[in-house]
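Please look through the model below before reading the comments. They are kept to what can be checked against the coordinates.

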Amino acid sequence: MAHPTDHEEPAEGSGVDDETRAIEEVINAFGFYGKFGTEKILKTIQQMKLYPADFQALVANKNKEFVTSMREKIDHNHSILKMIANNAAEMIGENHTKALRMHQSRRPSGEFLSKVISTIRQICREWSSEGAPEREATFQPIIEELNSKFSNPEDRHEVRILTPGCGLGRLAHDLVTEGYTVQGNEFSYFMLFTSYFILNCCKEPDQFTIYPFLFDKSNCWDSEDRLRAVTFPDKSLVPTMSSRLNSFSMCAGDFLEIIRGSEFDVIVSAWFLDTAHDVFKYIDAIYDALPIGGIWINVGPLTWHYEDMIGETSIELPYSDVMLRVRQKGFEVITEKEIDSKYTVNRRSMLQSQFKCAYFYARKGPQ
């Protein structure tokens with residue numbers, strides 16, 4: 001759920017701080033989606049011209065309708081992304097204004113375009129009914145484990161939970177609805193902009209529509225599958241201001257920095273551990289932020305994000321060594337199991353990749 005630093009070649013402008021520059025780069029990437037989609041359509045049209053003449057005649061009307069629908073849906077997605085980028089001004093204030101002032105529209109890097117597409121897929125995963133099977137696979141066991149431990153809902157507001165690498169905030173939000181006091185943490189501006197929009201601007205279930213699969217040309221059963229919509233959010237959201245005893249907050253920044261000097265009763269690392277440059281530092285930081293008897297629940301694969309990335313430190317341990325360190329550090333592992341789960345899949349695709357995720361529930365003991 002967490003992502004490496006959002007950074008590409010800087011836009012022009014001297015004397016601009018790194019944060020403003022990073023914000024501008026994400027705004028630029030969101031803003032380029034429409035042009036990117038137009039390029040995809042033009043390429044599709046060129047490919048259609050390569051069909052044999054008799055087959056072109058057979059599918060001419062169908063293809064014309066498909067291209068028209070693609071244009072409409074790309075424009076629609078672009079409008080959603082512009083809303084997300086514009087509403088981020090309420091979250092980041094003056095730096096957003098500075099970013100817009102220095103903004104010069106340009107083609108983003110391939111990595112940044114990929115992040116825009118993955119952000120749309122993440123909306124589907126976390127906040128639509130389409131993503132429910134993925135959330136049920138890895139989020140629901142966490143909620144059930146915690147509710148079993150803290151069985152009295154009236155006392156849960158006293159339980160402070162950190163969800164690092166919280167993506168678009170769905171797991172954090174669902175823990176809040178169970179009565180816990182939760183702080184989400186995220187580093188990626190793509191995720192932060194989008195989670196802010198969903199958590200603060202969505203007023204009712206299924207308020208917005210998005211088309212996550214428009215560019216899924218490979219492993220496609222039928223071109224119509226690419227055009228299908230999902231609506232979000234799939235549930236009513238916890239009001240920002242309420243009479244609840246528990247609280248919900250989102251903290252932007254590097255996990256190792258924000259956790260330093262903090263204390264939580266529970267840390268939930270879902271699809272997060274493999275974002276570490278140095279997983280030993282993550283384990284140490286989690287241990288230090290919990291009281292004796294504090295709980296750490298982890299779920300996810302080990303797709304080390306910085307593996308083979310030039311110029312980046314990356315320690316890539318097998319799961320068995322990760323658990324050796326977890327126990328050596330002083331955690332008592334209470335529950336440990338494997339969970340099968342997909343991640344941002346298109347459920348009508350021929351390709352259905354699946355992770356075998358590691359799940360563990362551990363309690364901090366003395367070193």
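1. The model is predicted. Its chain is divided into domain 1, residues 16–108, and domain 2, residues 112–364. Between the C-alpha centres of the two domains the distance is 27 Å.

2. On the contact between the domains: 35 residues of domain 1 touch 26 residues of domain 2. About 2900 Å² is buried between domain 1 and domain 2, and 80% of that area is on carbon and sulfur atoms. Polar contact links five residue pairs across the two domains, counting pairs with both residues at pLDDT 80 or more. The number of salt bridges between domain 1 and domain 2 is zero.

3. Which helices make up the side of domain 1 that touches domain 2? H1, H2, H3 and H4 (89–92) each supply at least two residues of that side. H3 gives the largest share of it, with 14 residues.

4. The largest nonpolar core contains 50 residues, and Phe30, Phe193, Ile198 and Phe232 have the most contacts inside it. At least two residues of this core come from each of the helices H1 (18–31), H2 (33–48), H3 (53–87), H6 (110–127) and H10 (189–201), and likewise from each of the strands E3 (208–210) and E4 (230–232). H10 supplies the largest share, nine residues. Since both domain 1 (16–108) and domain 2 (112–364) give residues to this core, it lies between them.

5. Ile198 deserves a look of its own. Setting aside neighbours within four places in sequence, Ile198 is in contact with Ile123, Trp127, Leu168, Phe232 and Leu237. Phe232 is also listed with Ile198 among the residues with the most contacts inside the largest core.

6. As background, nonpolar side chains in soluble globular proteins tend to be buried together.

7. Is helix H9, residues 170–177, mostly covered or mostly open? H9 is mostly covered, with seven of its eight residues buried. The buried residues are Arg170, Leu171, Ala172, His173, Asp174, Leu175 and Val176. Just after H9, Gly179 has a positive phi of about 110°.

Terms used:
Residues are numbered from 1 along each chain as its sequence is written. This is a predicted model: local features need pLDDT of at least 70, side-chain atom pairs count only at pLDDT 80 or more; totals for chains, interfaces and linings use all residues. Side-chain values use heavy atoms; hydrogens and water are left out. A nonpolar core is a set of buried Ala, Val, Leu, Ile, Met, Phe, Trp, Tyr and Cys residues joined through side-chain atoms within 4.5 Å. Buried means under 20% relative accessible area, exposed over 50%, partly exposed in between (1.4 Å probe, protein chains only). Helices (H or I, at least four residues) and strands (E, at least two) are DSSP runs, numbered from the N terminus. Domain bounds come from an automatic or database domain assignment. Contact means heavy atoms within 4.5 Å. Buried area is the accessible area (1.4 Å probe) that two parts lose on being put together, summed over both. A salt bridge is a side-chain nitrogen of Lys or Arg within 4 Å of a carboxyl oxygen of Asp or Glu. A polar contact is a pair of N or O atoms within 3.5 Å; within protein, one must be able to donate a hydrogen and the other to accept it, and residues adjacent in sequence count only if both atoms are side-chain atoms.
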